[in-house]
Amino acid sequence: MMRLLSLVLLLFVCGALSENLHHCVVTPAETDHDVQGPFFLADAPFRTDLCSTGCPQNTPITISGFVMDSDCMHIPNALIEIWAADTSGEYQTEASGWYRGKLNSGSDGSFSFSTTQPGKYPLGEGFRPAHIHAMIFVRDVKRLTTQIYFEGDPYLGANDACGSGCGSSHSSLIMSLVNCTTDDSCDGQRGEFNFVLATSEQPAPTPTPSPTLSPSPSPSPIAGAGSSSASWHHSPVFSTMVFISTICLVLYE
């Protein structure tokens with residue numbers, strides 16, 4: 001009888017542990033939408049180096065992250081469209097110009113691209129902060145249009161000439177940069193930014209994604225206001241459950 005009770009209790013504890021270990025929390029819950037603006041061009045080339053044809057000299061930056069949903073499901077083979085103004089605040093008028101490109105997320109939802117720091121540009125009597133535009137497509141359906149801003153930019157939020165019509169005050173869109181080290185495969189600075197889609201807005205990922213043109217890195221988390229993170233948390237009773245399961249194993253033997 002004791003062996004049977006021990007086995008039942010062990011199965012219960014193992015089930016609870018499995019559920020607990022897979023509890024995932026994404027911060028922020030989802031990436032805010034932002035305006036598309038008038039400078040998107042649909043025929044940008046597939047490339048992970050937006051400066052492959054040359055860019056005005058400025059600090060090189062590498063941005064890595066994941067496309068995922070708010071349930072922590074990483075989304076493979078998502079199409080990411082990227083465009084930005086150059087260092088002088090001008091947008092290239094040709095799709096093949098610098099600061100424009102598109103890439104696919106890898107089989108684990110990861111992506112990485114390099115460019116140089118974009119510039120601010122005048123709008124009315126003020127300036128727009130430096131930013132990078134992005135659109136995310138899943139299975140050819142647009143799921144997110146947004147902008148990536150840079151922590152510490154003096155034109156964020158209330159100082160943005162775009163006012164409340166743009167999202168530079170939203171913490172989910174503000175990314176911090178850190179200097180690349182000798183251990184990093186990048187030059188200049190790097191940042192992490194995850195595109196988190198609302199679960200109800202994205203279709204189930206393709207089980208066997210087609211080959212992608214972008215690398216599939218596993219970026220290291222970088223602390224920052226705009227860096228989303230996915231983590232698995234143990235409940236306060238986790239240690240107790242492990243202890244009980246250990247006792248059950250001893251009794252069952």
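**Close-up views of a predicted model**

**View 1. Arginine 128 sits in strand S7.** This strand covers residues 126-128. The model shown here is predicted. Is arginine 128 buried or exposed? Its relative accessibility is 3%, so arginine 128 counts as buried; the cut-off for buried is under 20%.

**View 2. Two polar contacts involve the side chain of arginine 128.** One partner is the side chain of tyrosine 149, at 2.9 Å. The other is the side chain of aspartate 160, at 2.7 Å.

**View 3. Arginine 128 touches residues from several parts of the chain.** Residues up to four places away in sequence are not counted here. Among the residues touched are Lys120, Tyr121 and Leu123. The list also includes Gln147, Tyr155, Ala161, Cys162, Cys166 and Ser168. Glycine 163 lies 35 residues from arginine 128 along the chain. The C-alpha atoms of these two residues are 9.2 Å apart.

**View 4. Lysine 120 lies over the face of phenylalanine 127.** The distance to the ring centre is 5.3 Å.

**View 5. Phenylalanine 193 and phenylalanine 195 form an aromatic pair.** Two values describe a pair of aromatic rings: the distance of the centres and the angle of the planes. The count of aromatic pairs comes to seven. How are the rings of phenylalanine 193 and phenylalanine 195 placed? Their centres are 5.3 Å apart and their planes meet at 65°, so the pair is edge-to-face; the cut-off for that label is over 60 degrees. Both phenylalanine 193 and phenylalanine 195 are buried.

**View 6. Four phenylalanines form one aromatic cluster.** The members are Phe111, Phe113, Phe193 and Phe195.

Methods:
Residues numbered from 1 in each chain as written. Predicted model: local features only at pLDDT ≥ 70, side-chain atom pairs only at ≥ 80, totals over all residues. Heavy atoms only, no water. Phe/Tyr/Trp six-rings, centres within 6.5 Å; stacked < 30°, edge-to-face > 60°. Buried < 20%, exposed > 50% of the residue type's maximum accessible area, 1.4 Å probe, protein only. Lys NZ or Arg CZ within 6 Å of the ring centre and 35° of its normal. Helix = DSSP H or I, 4+ residues; strand = E, 2+ residues; numbered from the N terminus. Contact = heavy atoms within 4.5 Å. Polar contact = N/O pair within 3.5 Å; in protein donor to acceptor, adjacent residues only side chain to side chain.
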